[in-house]
Amino acid sequence: MQNRHLDRRSYFNELATTSEAYYIPYLQSHGVLSPGMRILEIGCGEGGNLEPFAHRGHEVTGVDIVKERVEQAETFFAQDGEKGQFICSDASKLGDEFTGKYDIVLAHDVIEHVPDKEGFLRAAARFLKPDGTAFFGFPAWYMPFGGHQQISHNGFISHMPFIHLLPMPFYTLILGSVSSGESEMRELLNIRATRTTIEHFEKTARKAGLSIYDRHFWFINPHYKAKFGLTPRTLWKPLAAVPYLRDFFTTSAFYLLKLSNK
């Protein structure tokens, strides 16, 4: 596990940097971000993704199921003099007062952790205004670190690409032998159980009443700039057009989704 996962303020700053440099320009390039919008992030964590939007004058709301993360978001926003509303809740349980209220719904690096992906996508669709846009980003399951093994405290696991693709008995055996405790092993196995491929995401989004407005596949994830100093790279277009094979090379998939009836 890297220090950035322990120092939540540093992690918040990294997220804010990536959001400012890549998420906002992506939305702007497709004409879906204009002044004074209402923006909701599901699975907001410490709120780093939202801060650049708040700084630009947008009305931001973050929802996360972990109380500690919501408290950190409130603290970091207050420290930076930004305004934002943060709610500790399961997004699917938010009341009708949130229905159809948001111009943009964000969910970045979240859906790969969610067992009920269709329910999650339907919740996101429920929050959108009729002409609103949902921005989803996630690592394709088959990419080198699609199992989120980098969160492990064990150096072998955290630096081993594709280990999450081993047959389940071998993967479980390795985790049981060298992982740092039962809770870490359980988390890594849960991520495996809730994995998200590009193909499954697109199929599920359509079932949830959303249509794909745009998609962008990254060979080098934009967040790797803040994390590792690597220059983000778009996946080679001919490779990005090949279903299933592209999953092995897509470290981050960006999607813009609209309600299907629009």
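Let's start at Leu257, which touches Leu121, Gly132, Thr133, Ala134, Phe136, Phe201, Ala205, Leu210, Ser211, Ile212 and Tyr213, leaving out residues up to four places away in sequence. Keep in mind that this is a predicted model.

In soluble globular proteins, nonpolar side chains tend to be buried together.

**Ile111, a buried loop residue**

Now look at the loop between β4 and α4, where you will find Ile111. Is Ile111 buried or exposed? Ile111 counts as buried because its relative accessibility is 0%, and the cut-off for buried is under 20%. Setting aside neighbours within four places in sequence, Ile111 is in contact with Lys117, Phe120, Leu121, Phe136, Phe138, Thr194, Thr196 and Phe201. The C-alpha atom of Ile111 is also 8.6 Å from that of Arg195, although the two residues are 84 residues apart along the chain.

The table gives the values for each pair.

| Helix pair | Axis separation | Angle |
|---|---|---|
| α4 and α8 | within 9 Å | roughly 55 degrees |
| α6 and α7 | 10 Å | about 160 degrees |

At roughly 55 degrees, α4 is therefore oblique to α8. The crossing of α4 and α8 is right-handed. On the α4 side, the contact is made by Lys117, Glu118, Leu121 and Arg122. On the α8 side, His200, Phe201, Thr204, Ala205 and Lys207 take part. What kinds of residues make up the contact of α4 with α8? They divide into three nonpolar, two polar and four charged.

For the other pair, the angle is about 160 degrees, and angles over 145 degrees count as roughly antiparallel, so α6 and α7 are roughly antiparallel to each other. The crossing of α6 and α7 is right-handed. Here Met168, Tyr171, Thr172, Leu175 and Gly176 in α6 meet Met185, Leu188, Leu189 and Arg192 in α7. The residues of this contact divide into six nonpolar, two polar and one charged.

Most residues other than glycine have a negative phi. Which way does Phe162 go, positive or negative? Phi of Phe162 is positive, near 65 degrees. You can find Phe162 in the loop between α5 (155–158) and α6 (168–178). Phe162 counts as partly exposed because its relative accessibility is 36%.

Tyr244 has a positive phi of about 70 degrees, and it is not a glycine. This residue is found in the loop between α10 and β8. Is Tyr244 buried or exposed? With a relative accessible area of 56%, Tyr244 is exposed, since the cut-off for exposed is over 50%.

Methods:
Residues are numbered from 1 along each chain as its sequence is written. This is a predicted model: local features need pLDDT of at least 70, side-chain atom pairs count only at pLDDT 80 or more; totals for chains, interfaces and linings use all residues. Side-chain values use heavy atoms; hydrogens and water are left out. Contact means heavy atoms within 4.5 Å. Axes are lines fitted to C-alpha atoms, for helices over the stretch in contact, and angles run from 0 to 180 degrees between N-to-C directions. Helices (H or I, at least four residues) and strands (E, at least two) are DSSP runs, numbered from the N terminus. Angles under 35 degrees count as roughly parallel, over 145 as roughly antiparallel, 65 to 115 as roughly perpendicular and the rest as oblique. A crossing is left-handed if the near helix is turned anticlockwise from the far one by less than a right angle, and right-handed if clockwise. Ala, Val, Leu, Ile, Met, Phe, Trp, Tyr, Cys and Pro count as nonpolar, Asp, Glu, Lys and Arg as charged, and the others, Gly among them, as polar. Buried means under 20% relative accessible area, exposed over 50%, partly exposed in between (1.4 Å probe, protein chains only).
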